[in-house]
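Please consult the sequence and the structure shown here alongside the points below.

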Protein chains: 2
Amino acid sequence: MAITVVGSVAFDSIETPAGKKDRCLGGAATHFSLAASFFTDVRVIAVVGEDFGPEQEAVFKKRNIDIQGIERAPGKSFFWEGSYLDNLNEAKTHITDLNVFASFEPKIPEAYRDSEFLFLANIDPVLQRRVRNEMPDVKLVAGDTMNYWIKDHRPALLQMLKGLDILLINDTEARMLAGNNNLVQAARGVLNLGPHTLVVKHGEYGATAFFSRNSFAPKGEGLEPHPFRAPALPLEEVVDPTGAGDSFAGGFFGYLASQRELTPATFRRAMFYGSVMGSYAVERFGTERIQALTRKEIDDRFILFRELTHLD
Amino acid sequence: MAITVVGSVAFDSIETPAGKKDRCLGGAATHFSLAASFFTDVRVIAVVGEDFGPEQEAVFKKRNIDIQGIERAPGKSFFWEGSYLDNLNEAKTHITDLNVFASFEPKIPEAYRDSEFLFLANIDPVLQRRVRNEMPDVKLVAGDTMNYWIKDHRPALLQMLKGLDILLINDTEARMLAGNNNLVQAARGVLNLGPHTLVVKHGEYGATAFFSRNSFAPKGEGLEPHPFRAPALPLEEVVDPTGAGDSFAGGFFGYLASQRELTPATFRRAMFYGSVMGSYAVERFGTERIQALTRKEIDDRFILFRELTHLD
């Protein structure tokens with residue numbers, strides 16, 4: 001089943017201990033859709049400027065991603081410059097030029113309206129909510145957000161969260177959103193805000209899913225669901241962490257959308273596929289590694305993740 | 001098979017967000033031996049002062065732990081006072097009174113000499129090495145250390161590491177010991193110092209084992225072994241983190257010692273039992289929770305850990 005994703009398509013200039021790259025193709029919707037495209041059909045809603053040309057288009061088209069929802073506007077695309085020189089787990093932002101993104105008004109192409117899965121990548125929660133409300137019939141809605149919206153746009157964020165099934169954020173964001181330093185208590189707090197499932201990403205330590213109910217269990221199973229933890233791969237070198245979380249989300253949601261039935265087993269496998277895509281994403285700058293990825297590599301790493309965590 | 005453990009038996013005064021306890025029974029050898037005692041016979045080598053009385057003895061005896069190697073010396077037992085008010089992951093030390101521990105000279109009782117497993121809890125690496133050399137015929141030697149020895153007693157520590165099969169330390173210690181911030185590279189560095197197996201404890205994110213060779217595989221299996229990651233339980237409340245690492249080590253090494261054969265499967269289960277014991281240890285102050293633990297609770301949580309991480 002097809003996923004529609006709304007979010008940023010951007011250019012990133014990135015410096016890490018491994019080197020420096022200027023104006024890579026980036027943005028949350030880009031990383032998400034490339035990762036998800038290995039599992040299902042993906043349709044993107046975004047806005048870009050005149051600097052987005054055939055070279056960038058080709059990256060999406062090669063993965064059969066539908067980009068009729070990427071609007072062209074006069075001016076420049078969203079541009080971000082940051083570095084990870086001190087800390088690979090946290091970017092230091094040098095420049096954020098919203099450019100054409102400052103006046104982004106998401107428009108949903110007719111051809112996207114039968115999408116059964118919707119992903120609201122990290123943008124203004126007012127826009128996330130608008131898109132969600134315009135697609136009332138989707139089967140499953142997941143989304144992301146960040147510290148900026150949690151701190152300074154809380155009322156709009158809380159409205160948006162009411163329309164989400166699954167929220168994917170990192171530890172710091174979960175604790176900040178719930179105002180609680182204990183992760184289990186924070187998770188319960190977040191689950192009270194709308195989503196029935198919270199996926200907390202721990203960077204190099206993997207990710208944990210918390211549930212408010214047995215959302216993915218056959219009807220009638222009434223037991224309190226316990227969390228599920230997917231590992232991350234201990235990596236020799238992290239070249240560029242940019243987009244790791246979005247690639248996780250793409251692998252996770254892409255796999256879910258590819259399945260006929262949503263069950264607890266499907267959900268757990270989706271968490272593993274999220275970790276697989278996140279682990280590949282950081283191996284090279286920007287989207288380079290995911291662009292070059294094969295389905296066999298995905299399956300091989302999935303098996304490795306099983307061996308990394310399973311008793312037998 | 002029996003484990004001999006050498007390390008501290010102490011009194012701890014601890015303050016955490018959950019409250020304050022004065023002069024709990026503590027020390028690495030205490031936490032280790034209580035946890036290990038659920039799996040195999042445990043024999044302790046330590047020194048205590050005149051303040052160690054029948055009440056403290058009874059804690060060991062109730063778990064059938066052999067304490068003939070706990071020497072009584074004139075003066076007071078090792079005393080530590082610390083708090084976790086700012087950060088549950090790192091203790092702030094207020095007082096360390098070595099007392100009788102300052103002149104500790106480990107003596108190995110004759111009855112301990114047929115122990116097949118040896119655990120060198122976190123003490124002066126000179127003493128760890130001496131005990132290890134006096135028990136040359138043990139089947140498996142594991143040990144722990146801490147930042148203080150890594151920073152200020154490096155030559156002695158490096159000597160000691162040559163006699164270890166398994167080193168258990170936390171992320172910060174592994175990175176400090178190898179002088180490398182990347183965990184995989186740090187692990188390789190540590191494995192070059194002696195131990196064939198390194199277990200890195202990640203606190204609330206579990207623990208990862210790295211191997212320099214297939215130490216636990218049947219002979220002839222020549223593949224480069226991949227790491228193994230055991231989860232930690234996401235906990236609603238951490239009452240007191242003191243001794244969590246030693247309890248992990250006790251569950252881990254105790255389970256290994258209880259098995260007829262050391263195989264990769266045995267090793268993985270040992271990692272899970274380590275996590276189980278660590279997760280129980282933090283639920284109450286000092287050794288309270290482990291003292292009250294039952295084998296059924298251990299097995300129930302083992303099953304929960306499997307459900308927390310396994311795809312099927």
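The points that follow cover the interface, the salt bridges within the chains, and the cysteines.

The model is predicted. Chain A and chain B bury about 3,200 Å² between them, and six salt bridges are found across their interface. Over all chains, the structure holds 38 salt bridges and zero disulfides.

**Interface of chain A and chain B**

- The contact draws on 36 residues from chain A and 35 residues from chain B.
- Of the area buried between the two chains, 51% is on carbon and sulfur atoms.
- On the chain A side, Tyr205(A), Arg229(A) and Leu311(A) lose the most area to chain B, together accounting for 27% of what that side buries.
- One of the salt bridges joins Arg188(A) to Glu236(B), with the closest N and O atoms 2.7 Å apart.
- Between the two chains, 28 residue pairs are in polar contact.
- The elements of chain A that give two or more residues to this side include helix 6 (171–178), helix 7 (183–191), strand 12 (207–211) and strand 13 (228–230).
- Helix 11 of chain A gives the most to the side that touches chain B, with six residues.
- By class, the chain A side has 16 nonpolar, eight polar and twelve charged residues.

**Salt bridges within chain A**

- Lys21(A) and Glu288(A) form a salt bridge, their closest N and O atoms being 3.4 Å apart.
- Because Glu288(A) lies in helix 10 and Lys21(A) in strand 3 of chain A, this pair ties together parts that are 267 residues apart in sequence.
- Glu288(A) is partly exposed, at 29% relative accessible area, and Lys21(A) is partly exposed at 35%.
- Arg295(A) forms a salt bridge with Asp299(A), with 3.3 Å between the closest N and O atoms.
- Both Arg295(A) and Asp299(A) lie in helix 11 of chain A, four residues apart, about one turn of the helix.
- Asp299(A) is partly exposed, with a relative accessible area of 29%, and Arg295(A) is partly exposed at 35%.

- Asp171(B) and Arg175(B) meet through their side chains in a salt bridge (3.6 Å, N to O).
- These two residues, Asp171(B) and Arg175(B), lie four residues apart in helix 6 of chain B, and both are buried.
- Salt bridges that share partners join Glu283(A), Arg289(A), Glu297(A) and Arg301(A) into one network.

**Cysteines**

- Cys24(A) counts as buried, at 11% relative accessibility.
- Cys24(B) is buried, at 12% relative accessible area.

Technical notes:
Residues numbered from 1 in each chain as written. Chains lettered and ligands numbered in written order. Predicted model: local features only at pLDDT ≥ 70, side-chain atom pairs only at ≥ 80, totals over all residues. Heavy atoms only, no water. Contact = heavy atoms within 4.5 Å. Buried area = accessible area lost by both parts, 1.4 Å probe. Salt bridge = Lys/Arg side-chain N within 4 Å of Asp/Glu carboxyl O. Polar contact = N/O pair within 3.5 Å; in protein donor to acceptor, adjacent residues only side chain to side chain. Nonpolar A, V, L, I, M, F, W, Y, C, P; charged D, E, K, R; others polar. Disulfide = S-S within 2.5 Å. Buried < 20%, exposed > 50% of the residue type's maximum accessible area, 1.4 Å probe, protein only.
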